Amino acid sequence: MRGSTRRTDQSMFAGKVVIITGASSGLGRQLALDFAQRKARCVLFARNTEALAGVAAECKEAGGEVITVTGDVTVPADCERLAEEAMERFGAIDIFISNAGLSMWAPFEEVQDLSIFRRLMEVNYLGAVNGVHYTLPHLKASGGSIVAVASIQSKMGVPYHTGYVASKHALEGFCNALRYDLEGSGVNVLTVHPHWIQGTSLRANACSADGGVMGASRRSHYSESITVQECAMAMLAAIDDRETELIIPPKLRLVPWLRLLWPGYLRRKVWGRMNHRKD
């Protein structure tokens with residue numbers, strides 16, 4: 001839980017089979033490249049076939065062995081096929097990273113299309129459940145790791161993100177309970193709680209009040225935001241150390257304590273950061 005940012009050995013994941021969902025861009029792409037540089041065997045999963053092919057080419061150039069599987073985390077049959085193709089090609093699964101995610105940006109009272117709440121839950125929570133379900137038997141065989149990319153918002157409320165926060169709270173609860181179910185199995189469960197991440201399309205693809213997407217934003221990231229490279233490197237270190245929780249940047253480990261002991265202060269801090277929402 002120390003939120004390590006140490007540099008990782010270039011051979012530490014050599015030969016390991018790593019599945020990454022949402023691998024076509026942003027954090028998923030960066031993770032794929034970092035694992036490939038460390039000679040891991042990568043299984044990249046996303047809906048965009050062309051974008052996946054581009055990331056796969058970069059991974060091969062970096063020295064990794066890679067296959068791509070096109071599909072949607074919200075479709076159980078696609079997740080089952082993902083596990084099957086990984087096993088068919090590589091014969092094992094060592095790490096499953098549930099990275100695919102969807103955000104929102106709209107005050108609840110302005111939401112016109114309630115279906116976005118179902119979509120957020122399907123992608124951010126059930127997408128992880130689907131992937132874990134079909135990879136778990138193989139992870140138990142390898143004594144591997146489940147990695148769920150949650151959010152610091154898993155631990156607090158944030159304005160204009162009601163559906164996103166709810167889905168990430170669900171993911172957090174699922175992982176906390178799953179650790180009990182897997183105790184003694186040899187499988188580690190790591191939840192990752194980043195703050196805003198620079199270099200992703202999460203904000204541009206966020207659901208808007210009318211059910212569309214937000215698109216390009218003029219807003220800059222906050223000073224607490226981290227780069228996609230920093231997030232990926234911290235994740236690799238935490239996976240190697242078999243940690244159960246990673247909060248980045250590390251100072252945000254104070255959030256649960258502030259919520260418990262000084263909720264008024266935390267509320268003022270959150271509003272101070274969020275009071276100028278996107279037009």
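Among contacts in this protein between residues at least 6 apart in sequence, 74% link residues that are at least 24 apart. The model is a predicted one, and the protein in it contains eight helices and nine strands. Of its 279 residues, 53% are buried, while the accessible surface amounts to about 12700 Å², with 52% of that area belonging to carbon and sulfur atoms.

**Packing of α3 and α4**

- Helix α3, which spans residues 76–90, packs with helix α4, residues 115–142, at an angle of about 30°, and their axes lie 8 Å apart.
- Because angles under 35 degrees count as roughly parallel, α3 and α4 are described as roughly parallel to each other, and their crossing is right-handed.
- On the α3 side the contact is made by Pro76, Cys79, Glu80, Ala83 and Met87, and on the α4 side by Asn130, Gly131, Tyr134, Thr135 and His138.
- By residue class, this contact of α3 with α4 comprises five nonpolar residues, four polar ones and one charged residue.

- Lysine 39, in the loop between α1 (26–37) and β2 (41–46), has a phi near 65°, a positive value in a residue other than glycine.
- With a relative accessible area of 43%, lysine 39 is partly exposed.
- Arginine 242 is placed in the loop between α6 (228–240) and β9 (245–248), and its phi, near 55°, is likewise a positive value in a residue other than glycine.
- The relative accessible area of arginine 242 is 35%, and this residue is therefore partly exposed.

Notes
Residues are numbered from 1 along each chain as its sequence is written. This is a predicted model: local features need pLDDT of at least 70, side-chain atom pairs count only at pLDDT 80 or more; totals for chains, interfaces and linings use all residues. Side-chain values use heavy atoms; hydrogens and water are left out. Helices (H or I, at least four residues) and strands (E, at least two) are DSSP runs, numbered from the N terminus. Buried means under 20% relative accessible area, exposed over 50%, partly exposed in between (1.4 Å probe, protein chains only). Contact means heavy atoms within 4.5 Å. Accessible areas come from the Shrake-Rupley method with a 1.4 Å probe; for residues, only the protein chains shown count as cover. Axes are lines fitted to C-alpha atoms, for helices over the stretch in contact, and angles run from 0 to 180 degrees between N-to-C directions. Angles under 35 degrees count as roughly parallel, over 145 as roughly antiparallel, 65 to 115 as roughly perpendicular and the rest as oblique. A crossing is left-handed if the near helix is turned anticlockwise from the far one by less than a right angle, and right-handed if clockwise. Ala, Val, Leu, Ile, Met, Phe, Trp, Tyr, Cys and Pro count as nonpolar, Asp, Glu, Lys and Arg as charged, and the others, Gly among them, as polar.
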